[in-house]
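Subject: Structure handover

Hi,

Here is the structure we talked about. Please open it alongside this note; what I found follows below.

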Amino acid sequence: MQTKKPWRLGTRAQLLLRGLRYSRILPYTSIDGWLTVDEAITLYELARALPHERPLVVEIGCWQGKSSVCLARGLQPKNHGRLCCIDPFDATGDTASQDLYADRARSVGSLREVFEQNLRDAGVHDLVDVRQGLSQDLARDWREPIDLLFLDGDHSDEAARRDFDDWSKHVRPGGFVVLHDAVHPVHTGPRRVVEQRITPDPSWVDRRQVDSMFVARKACQ
Ligand SMILES: C[S@@+](CC[C@H](N)C(=O)[O-])C[C@H]1O[C@@H](n2cnc3c(N)ncnc32)[C@H](O)[C@@H]1O
């Protein structure tokens with residue numbers, strides 16, 4: 001006998017029920033990726049509320065642009081906001097994710113092309129600076145202060161720690177770091193960063209969790 005699936009609201013309806021203002025990020029709902037409605041809203045709201053006149057958001061691990069669209073839509077009203085998207089766009093990943101990435105990438109052809117098309121469809125392509133490559137390579141020459149850093153790349157323990165150490169030092173006082181999958185049954189890297197780097201360090205304040213996402217603000221000195 002077939003068991004009935006429990007009835008659930010679709011993602012678009014869930015988003016609009018949170019408030020009509022979130023129709024700004026509706027395009028995110030049709031992009032492949034891993035982001036709950038509340039996580040998407042959190043990224044959008046954080047980017048939208050950045051106080052700096054020319055805010056810079058850096059995203060590590062973009063896949064097909066689901067989270068990028070939320071961040072970019074938040075920056076859009078600011079005129080001078082910029083989102084830097086770092087990803088090799090070749091389905092590289094930690095061992096726990098590789099097969100899943102390869103499987104899902106096979107059906108789309110070029111990940112970079114799909115990513116850019118998704119940004120164009122959402123009307124945010126012009127404020128995104130795409131850096132194709134590995135975060136550890138691009139970190140070497142990075143100099144700019146970051147207002148919001150979103151870490152969602154390689155989730156292994158070593159890589160998550162390395163990304164946090166390489167990039168969080170560039171977050172300006174008052175700026176934010178956000179880690180995805182900080183509560184996850186398989187990926188332990190982001191959780192260990194929270195436990196070992198953020199929790200013991202009093203310079204990370206206003207900590208909170210939204211679904212699997214962890215948010216902290218760097219205290220102003
Ligand atoms: C979980 S997905 C990102 C999901 C995306 N943020 C979203 O919301 O849909 C992880 C991405 O990180 C990329 N990645 C893996 N290792 C990386 C590295 N060392 N540097 C930058 N990106 C990396 C993967 O190729 C993949 O596109």
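First, a term. A crossing of two helices is left-handed if the near helix is turned anticlockwise from the far one by less than a right angle, and right-handed if clockwise. In this predicted model, the crossing of helix 7 and helix 8 is right-handed.

**The helix pair**

Helix 7 covers residues 157-167, and helix 8 covers residues 189-198. They pack at an angle of about 50°. Their axes lie 8 Å apart. The angle makes helix 7 oblique to helix 8.

Which residues make the contact? Helix 7 supplies Asp-157, Ala-159, Ala-160, Arg-161 and Phe-164. Helix 8 supplies Gly-189, Pro-190, Arg-192, Val-193 and Arg-197. By class, the contact between helix 7 and helix 8 has 5 nonpolar, 1 polar and 4 charged residues.

Strand 5 spans residues 171-179, and strand 7 spans residues 213-218. The two run antiparallel and are joined by 4 bridges. What is the bridge partner of Val-177 in strand 7? That partner is Ala-216.

Best wishes

Methods
Residues are numbered from 1 along each chain as its sequence is written. This is a predicted model: local features need pLDDT of at least 70, side-chain atom pairs count only at pLDDT 80 or more; totals for chains, interfaces and linings use all residues. Axes are lines fitted to C-alpha atoms, for helices over the stretch in contact, and angles run from 0 to 180 degrees between N-to-C directions. Angles under 35 degrees count as roughly parallel, over 145 as roughly antiparallel, 65 to 115 as roughly perpendicular and the rest as oblique. Two residues are in contact if their C-beta atoms, placed from the backbone, lie within 7 Å. Ala, Val, Leu, Ile, Met, Phe, Trp, Tyr, Cys and Pro count as nonpolar, Asp, Glu, Lys and Arg as charged, and the others, Gly among them, as polar. Two strands pair if DSSP finds at least two bridges between them.
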